[in-house]
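Reader: I would like to learn how to read charged pairs and open spaces in a protein model. Could we go through them step by step?

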Amino acid sequence: MATTNLRVRRAITELQDDYKNGNKKPLEDLMRAWKGIKALPPDDPNSFFKLGGFHGEPFRGAGWGSSAYWGGYCNHGNVLFPTWHRVYLFKLEQALQSIEGCADVMLPFWDETSDDSINYGIPWALTDEYFELDGEQITNPLRSFVFPKNIIDNINNDNPNYSKPYGYETVRYPLSGLVGTEADRAATTAHNNQFKDYKQNVRFLNQNVTNWLNTSIVVDKKVIPTGVAQKFKDCLDAPNYTVFSNTTSAAEWNNQAKGIPNPDPNFKPVVPLESPHNSIHLSVGGYEVPTGPNAGDFSPIDGANGDMGENDTAGLDPIFFFHHCFIDRVFWLWQKKNGQTDALEIIPEYPGTNTVDSQGPTPGMIPNSWLTMDSPLNPFQLEGKEQRTFTSNDCVNIEKQLGYTYGPGSLEDTVQSRSLAIEEPVRPTKTIKVSNINRGPIRGSFLISAFATIDGKRQCLGTEAVLSRWNTKYCANCQTHLEASAFFSMPMPEDTGKRGMDLTAEDFNVEVEIKRRPVNENLTASARGVSAGVQHRVEMF
């Protein structure tokens, strides 16, 4: 599928700038294309309901009624995460181009580490309530989606708790979209009635996103970034595709650093691409980061539960695709930085390379089978003479195989400087590991945060977002193959000297907070304890 005339995916802020400067066609055509696919009948192969539903609900295959399987096609927590989503975007983009007059439309990316995003949050084209198209004011097609059919959570049989009806409209922070039970509907109505001002809600959303992007700690009076923007930079340093690609493989890689004689004092945990990806999902979908630069004047909103915050419905919010377009761009930047634009290697039989790892098997995949570059990326079919399912080998090089590339944006300077080894001296660092967390009793996505007393002040070392399915309580796969864990870097203050590397978690009063739905409970415990029923273990090495 090689092409000589590459089509370019631009930052959506560039389309916004063109629009403001009088060249309205690129943004208008994008809006027209999205309006078009959302209006198609739900069973049309190019409809947004059909394509958005490939990610999670409406569930299919064995996952339709059994939580031992993942009923959506998406891959998370395994090595197919970057490639499956790459093809997913490609198919959505083709659907946009199928709308009359939109053949040249390309999917833009939300540049999540740009100065605009870091300072102001989400681009206005993705949040404005209305847009003028062809002389008519319409509801902005990028801000939400109204379901043309109901989706039913069959896992709980006659007590569905993540079903959503015909006419349901997707929501983002600070609103809630839980409507599966009578109790949920009553709580959601009461919660959402507090937030009737649309523009104020967008301000809440943008402030939440910027807080996630910008968190930091202070050590020896020096600010050290720890937020999502820094995680995107750090993931570019992942040493191989396997650990770059997903949280399961990265956790195993980081585990191997523990217990090594004379550990490297400059060791930093590997950050996989999936980690900051998860954080953006939860920042839009309804979780506040425990601390942020504006935390003093920002009141956390309990009860928020947007669709981006759960894998079940994330793909049905249009912002999902602009977020993942940026994820795909970071994937391509990592490939170029590491000379892997034509081939990717998977470490055989490594954690994160089996269908049972993390979420469980997707429809059509055999349980307990190994994932390779030849594994099918269901349900996406190659076009042309070869009538078969896409594999990861079909989408390694976006330019030669898929015919597109990315326009300029953030992180390019980071790739260049790190390739040239232009780095500041690294201070000695220890690693906090939080493990033995069973997702079983936790409904939906949740956060793991670590706190420590540094320079006499309690500070948040970081927050790991765990993007999950809503129902895991009876999930056999979750309880036998899935353990949530997180790793946090802890820079040593200079006054600890050489003894710093011998200090323990207790010396820094390390605490863990597990924040979970439905009411954003704060569950804290010391490094030795149990967090209000959510058992976990804390180690420092």
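**Charged pairs and a pocket**

Author: We can start with one residue in this predicted model: Arg537 is partly exposed, with a relative accessible area of 45%.

Reader: With which residue does the side chain of Arg537 meet in a salt bridge?

Author: The general idea is that side chains of opposite charge can pair when their charged atoms come close. In this structure the partner of Arg537 is Glu539, and the N to O distance of the salt bridge is 3.6 Å.

Reader: Is Glu539 buried or exposed?

Author: Glu539 has a relative accessible area of 10% and is therefore buried, since buried means under 20%, while Arg537, at 45%, is partly exposed.

Reader: How many salt bridges does the structure hold, and which residues are linked in a network of them?

Author: The structure holds 24 salt bridges, and a network of such bridges links Arg9, Arg86, Glu93 and Asp328.

Reader: Which parts of the chain does the pair of Asp43 and Lys149 link?

Author: The side chains of Asp43 and Lys149 form a salt bridge with an N to O distance of 3.9 Å, and this pair links distant parts of the chain, 106 residues apart. Asp43 lies in the loop between helix H2 (25-39) and helix H3 (48-52), whereas Lys149 lies in the loop between strand E3 (136-139) and H6. Asp43 counts as exposed because its relative accessibility is 57%, and the cut-off for exposed is over 50%; Lys149, at 33%, counts as partly exposed.

Reader: Where do Asp307 and Lys164 lie in the chain, and are they buried or exposed?

Author: In the salt bridge between Asp307 and Lys164 the closest N and O atoms are 2.6 Å apart. Asp307 is in the loop between helix H11 (274-285) and helix H12 (319-337), and Lys164 is in the loop between E3 and H6, so that the pair links distant parts of the chain, 143 residues apart. Both Asp307 and Lys164 are buried.

Reader: Turning to open spaces, how much space lies in the second largest pocket, and which residues are closest to its centre?

Author: Rolling a probe the size of a water molecule over the atoms shows where empty space is left. Here the second largest pocket holds about 520 Å³ of space. It is lined by 26 residues, and the closest to its centre are Glu169, Thr170, Val171, Leu175 and Asn192. Helix H6 (182-192) and helix H7 (198-214) are the elements that give two or more residues to this lining, which by class has ten nonpolar, ten polar and six charged residues.

Methods
Residues are numbered from 1 along each chain as its sequence is written. This is a predicted model: local features need pLDDT of at least 70, side-chain atom pairs count only at pLDDT 80 or more; totals for chains, interfaces and linings use all residues. Side-chain values use heavy atoms; hydrogens and water are left out. On a 1 Å grid over the protein atoms alone, a cavity is a set of points where a 1.4 Å probe fits but cannot get out, and a pocket is an open set with protein on both sides within 12 Å along at least five of seven lines; lining residues have an atom within 4 Å of a point. Grid points are joined across faces, edges and corners, and a volume is the space filled by probe spheres set on the points. Helices (H or I, at least four residues) and strands (E, at least two) are DSSP runs, numbered from the N terminus. Ala, Val, Leu, Ile, Met, Phe, Trp, Tyr, Cys and Pro count as nonpolar, Asp, Glu, Lys and Arg as charged, and the others, Gly among them, as polar. A salt bridge is a side-chain nitrogen of Lys or Arg within 4 Å of a carboxyl oxygen of Asp or Glu. Buried means under 20% relative accessible area, exposed over 50%, partly exposed in between (1.4 Å probe, protein chains only).
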